[in-house]
Amino acid sequence: MDRVPREELWYCMKKSGVAVKYLRAVQDMYEDCKTVVSFDLIGLQSTYAMTFAVEQINRNSTLMPGVKLGYRIFDSCGQYPWSLQGHQPISLLIGGATSTSSMILSRTFGPVSVPIISYLASCPCLSDRSKFPNFFRTIPSDIYQARVMAQLVIHYNWTWIGAVIDNSDYGHLAIQVFQEEIQGKSICLEFIETLNRENIKRDARRAASTIQVSTARVIIIFCWYTLIRDVFLELSKRNVTDRQFLASESWSTSNDLLKDLSISQVANGVVGVAIKSSTIYGFENYLRGLHPLHRPDDEFLREFWENEFGCISFLGSESLKGVQHPFTDTSHLRIAFNVYLAVYAAAHAFHSLLSCPGIDQPSGTNSSTCSSPKYITPIELLQHLNRVNVTTPQGDMFYFQGSDIPAKYDLVNWQMDSKGHLNLILIGLVDGLDLDIDESAIQWSTGSNQVPVSICSESCPPGTRSANRKGEPLCCYDCIPCAKGEISNNSSSLHCERCPAEFWSNFDQTACIPRQLDFLSFNETLGITLTTAAVSGAVVTTAVFVVFLYYRQTPMVRANNSELSFLLLLSLKLCFLCSLVFIGRPSVWSCRFQQAAFGISFVLCVSCLLVKTLVVLAVFRSARPGAGALMKWFGPGVQRGSICLFTSIQVIICTVWLSLSPPVPGRDLGFQGSKVTLKCAMASVVGFFVVLGYIGLLACTCLFLAFLARKLPDNFNEAKLITFSMLIFCAVWVTFVPAYISSPGKYVVAVEIFAILASSYGLLLCIFAPKCFIILLRPERNTKKHLMAR
């Protein structure tokens with residue numbers, strides 16, 4: 001982070017009060033500096049942190065015993081060329097206060113290997129040891145603060161944010177590192193506004209307009225405090241006070257902004273990354289004890305005294321001991337502590353270099369790595385500085401990683417008091433990328449400790465998935481419910497997960513639950529209806545059987561072999577009853593028995609009709625001259641034998657089918673979704689269709705023969721009834737095949753039962769309803785004469 005303080009610190013070594021190496025003289029630009037920059041209290045405090053550290057070290061009997069540090073301080077006035085003015089050689093330099101001046105100093109002193117220790121230059125470019133081999137710093141590289149900002153955004157689940165950056169290498173590099181850190185974390189930048197120092201008024205208005213209309217509630221800012229002040233003023237004019245700002249280290253502790261009441265409403269709640277603060281023991285008393293009379297050559301102190309007490313001649317009664325002043329406030333030392341660390345790092349490097357006793361000769365003539373205070377060379381000091389690894393007086397480990405130190409920051413919060421003033425509150429610490437935050441101490445821009453929400457789209461609830469909107473960032477999405485059988489049990493899931501085969505999604509699509517077992521049962525409406533229809537059919541058939549049995553001696557019953565009629569009624573009753581086997585939970589035996597019962601019952605039924613049709617044809621054919629012997633081939637025994645033969649073939653087919661590949665209980669997971677349909681799975685579809693095919697063959701043959709006999713001269717021609725019944729029978733079963741194949745779940749069973757009942761009712765009504773009508777309601781027609789009439 002580039003700063004513009006006025007002091008740069010230069011060091012030399014002294015032994016017994018005599019300088020070992022002379023500082024390179026720099027012309028005293030103090031008078032000229034007055035016209036260049038304003039008085040800088042932070043810079044002045046940092047200056048005396050350096051003098052305090054030197055005096056503390058010189059009093060330390062264990063650190064460089066017998067050797068004392070000397071120093072000279074020069075004011076660069078924030079002008080880069082002035083940092084290079086001087087006339088004396090040096091061994092080590094502490095400065096510069098900006099990254100640019102540090103680059104100039106490092107390149108200038110690099111050829112002679114003079115170490116440069118900066119307390120404020122944070123440009124990541126200075127970490128390149130190939131370009132700046134003699135550079136060190138006691139402030140972390142800006143790369144780390146950009147990463148910390150990203151960690152804050154991730155920590156608080158802010159996925160939709162804006163950014164305002166300085167249009168410089170600092171701003172662009174910071175936002176680049178930030179974007180790299182949030183990559184793959186589903187965090188999006190709604191906008192990036194850049195601020196130019198030359199056009200700050202115009203750029204501030206543009207940035208404020210963007211912030212005002214944006215939906216992002218969290219804005220990160222990487223820029224100098226003077227630039228962000230203009231943006232805050234614009235936001236204050238627009239009354240935009242509901243944005244949460246994240247401050248970079250360059251302005252997070254700016255007293256100028258904190259004291260500016262015109263922006264306090266906008267800046268309230270700022271959370272920022274700050275240079276790590278610490279306490280220097282004894283430093284406050286040291287500052288309060290300063291007086292120009294005790295330091296007559298100290299131009300910096302003289303100017304401060306004139307500025308503070310409004311006097312030119314010093315009486316000695318002025319004192320800082322009873323004054324509350326930012327200069328004497330040492331509660332949170334940041335830049336001053338970095339200067340303090342730099343002095344101690346230099347001292348330990350000198351101590352390491354001089355740590356071999358009894359050596360008082362040029363290092364070039366000594367095989368030891370140690371040097372004499374009279375013959376210190378910058379390159380030796382540079383080598384020892386690279387190996388500094390000590391514990392500071394505050395108890396912290398201090399060492400260099402190349403040119404850098406381990407990244408440690410403070411997290412600060414701007415909180416408004418009852419008078420409308422902003423105060424800087426420490427809310428956490430950062431060590432590397434580890435955040436240690438006191439959540440209860442934070443006051444957000446909302447005025448409470450409730451964490452602000454900054455998202456483009458509301459988090460998708462469990463049971464839905466997020467689908468990106470076309471042409472918009474990844475953070476902007478719609479929530480789409482999961483499909484049936486899929487779940488999402490987390491918020492903002494990108495995908496819905498399919499449930500295992502035996503499970504299904506619950507109503508909310510948030511969990512997989514076991515599927516319900518489903519089958520055609522006697523307790524449900526469909527099962528009750530089919531059962532009622534089957535039982536009714538069996539009862540009606542029984543009633544017809546009783547009627548025929550009671551009127552068995554009448555011509556209507558005796559016509560065309562009453563024995564076949566009774567057998568037909570028995571087979572129809574079996575057809576009605578076999579449908580009941582299909583209802584209920586499938587089992588191994590029910591699956592085998594239901595198809596066999598169905599196939600054999602219907603073959604028995606159709607066989608009776610086929611033989612009846614053959615008998616009708618034979619009777620009328622035998623009436624022709626020369627055909628009297630025809631009826632010998634269609635006697636009762638042949639009729640019974642034919643029926644047994646036709647039925648036996650079906651029995652054999654069913655036996656082979658059920659022996660080789662019978663239907664077995666199975667589970668259908670493909671249709672009902674939340675239900676598992678229990679059914680009899682056809683292990684061999686061929687066997688089932690052979691059974692159907694044989695029934696169809698008999699039915700078609702019967703239909704064909706009955707159709708031929710439909711016009712035989714008889715008042716009551718049973719062939720007509722058989723023709724109609726077989727038409728209905730064939731129509732039902734032709735329709736059954738596609739319906740059976742396409743029906744889902746338990747409805748497969750229902751379709752087959754319906755076909756059984758429909759065809760059975762068709763046969764029963766078409767063949768026996770007319771006969772019962774005559775028997776019961778028109779007994780006068782139940783005579784042989786009436787039946788034989790032409």
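This is a predicted model: local features need pLDDT of at least 70, side-chain atom pairs count only at pLDDT 80 or more; totals for chains, interfaces and linings use all residues.
Residues are numbered from 1 along each chain as its sequence is written, and side-chain values use heavy atoms, with hydrogens and water left out.

The protein chain contains 22 helices and 25 strands; helices (H or I, at least four residues) and strands (E, at least two) are DSSP runs, numbered from the N terminus. Of its 790 residues, 52% count as buried, where buried means under 20% relative accessible area, exposed over 50%, and partly exposed in between (1.4 Å probe, protein chains only). The chain exposes about 35,700 Å², of which carbon and sulfur atoms supply 58%; such areas come from the Shrake-Rupley method with a 1.4 Å probe, and for residues only the protein chains shown count as cover. Among contacts (heavy atoms within 4.5 Å) with a separation of 6 or more, 70% join residues 24 or more positions apart.

Eight strands form an open sheet with mixed pairing, in the order β8-β7-β9-β10-β11-β14-β15-β16. Two strands are taken to pair if DSSP finds at least two bridges between them. Strands β8 (188-195) and β16 (434-437) each have a single partner strand, so one side of each lacks a neighbour in the sheet. From one strand to the next, the twist averages 25°. Strand β15 (residues 422-431) pairs with β16 in the antiparallel sense over 4 bridges, and Leu429 has Asp436 of β16 as its bridge partner.

Helix α4 (residues 142-155) lies across β7, β9, β10, β11, β14, β15 and β16, and runs at about 60° to β16. Axes are lines fitted to C-alpha atoms, for helices over the stretch in contact, and angles run from 0 to 180 degrees between N-to-C directions.

In helix α11 (residues 299-309), the buried residues are Phe300, Leu301, Glu303, Phe304 and Trp305. At the start of α11, a side-chain oxygen of Asp298 comes within 3.1 Å of the backbone nitrogen of Phe300. Just after α11, Gly310 adopts a positive phi of about 65°.

Ser466 is located in strand β17 (residues 464-468). Its relative accessibility is 8%, and Ser466 therefore counts as buried. Apart from neighbours within four places in sequence, Ser466 is in contact with Cys460, Tyr477, Asp478, Ser492, Ser493 and Leu494.

Methods. A polar contact is a pair of N or O atoms within 3.5 Å; within protein, one must be able to donate a hydrogen and the other to accept it, and residues adjacent in sequence count only if both atoms are side-chain atoms.
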